[in-house]
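Dear colleague,

I am passing on a structure for you to look over, and below it you will find my notes on what turned up in it.

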Amino acid sequence: DICADMGVKESGALEVIRKIETLEHRMFKHTLHNDPQLQHVFTLCDRRSIIESDMLAVKAQLKTAKNVIQLEELKCRKRVLRRLNYASENEVIETKGRVACEISCGDELLLTELMFNGVFNDLTSEQCVALLSCFAFQEKGSELPSLDESLARPLRILQETARRIARVSADCKITIDEDDYVKSFRPSLMEISHAWAKGAPFFEICKLSEIFEGSVIRAMRRLEELMREMAKAAKAIGNSELEDKFLTGISQIKRDIVFAASLYL
């Protein structure tokens, strides 16, 4: 016993010696200890270690590249804000920018453009509800309704404004498909939400489309949240008449089964 022969009595040293003996025992009993391919296995492990180190280096480079791309995209987006007068040349937030900050439930740029272009000023509260439903309903594959002129005209203005924003974004080097961007604002719920705001019962509005009842209820609740934000945005620019119009629209849609705490009540 090496400990007895050398007169080692310190507990720390004895513990280290016991660990060495245990590890040597495990090493000698390992199936690879006397394997003729052991040197080849060592080479493969060394190669794996080098590859893992290279992977970490490449990931770091990729992260740096992504940060550069995001920085370039940020510059492009700031350019869009300046072109649309949301920010000054000195990157100071303008009135339109402060209004856009009030909106998070829909496309901030498009909604702000519609508001500042006076689109909502000429609409009734029911028409406002219908137009804003294009931002609240996002389900794909829904059939497009046949709208009368009172709803079709605001929809055309929305689509024209969306195209203008898409063109400005493309000019500022932001990757965007103009048609896809316009189509993302779906008018499938316009007729239903308009009828609901005018007081139609739920079973009647469900007959106006093949959209599932649950989808209608979810979209209506998102629509109510969006209209609250639009009311705040109108208040931010001091347009009390428009604020009242949005609040009236909220009171018109927030009723009956659509906003019941439970469908079992």
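How much space lies in the largest pocket? About 210 Å³ lies there, where a pocket is an open set of points on a 1 Å grid over the protein atoms alone at which a 1.4 Å probe fits, with protein on both sides within 12 Å along at least five of seven lines, and the volume is the space filled by probe spheres set on points joined across faces, edges and corners.

Please bear in mind that this is a predicted model, in which local features need pLDDT of at least 70 and side-chain atom pairs count only at pLDDT 80 or more, whereas totals for chains, interfaces and linings use all residues. Residues are numbered from 1 along each chain as its sequence is written, and side-chain values use heavy atoms, with hydrogens and water left out.

The lining of the pocket (residues with an atom within 4 Å of a point) includes R77, D107, S169 and Y181, and its largest share, three residues, comes from α3 (helices are DSSP runs of H or I, at least four residues, numbered from the N terminus).

Helix α9 (residues 190-197) is largely enclosed by the rest of the structure, because seven of its eight residues are buried, that is, under 20% relative accessible area with a 1.4 Å probe and protein chains only. Those buried residues, W196 and H194 among them, pack against α6, α7, α10, α11 and α12, with contact meaning heavy atoms within 4.5 Å. Just after α9, G199 takes a positive phi of about 100 degrees.

Best regards

Technical notes. Helices (H or I, at least four residues) and strands (E, at least two) are DSSP runs, numbered from the N terminus. Buried means under 20% relative accessible area, exposed over 50%, partly exposed in between (1.4 Å probe, protein chains only).
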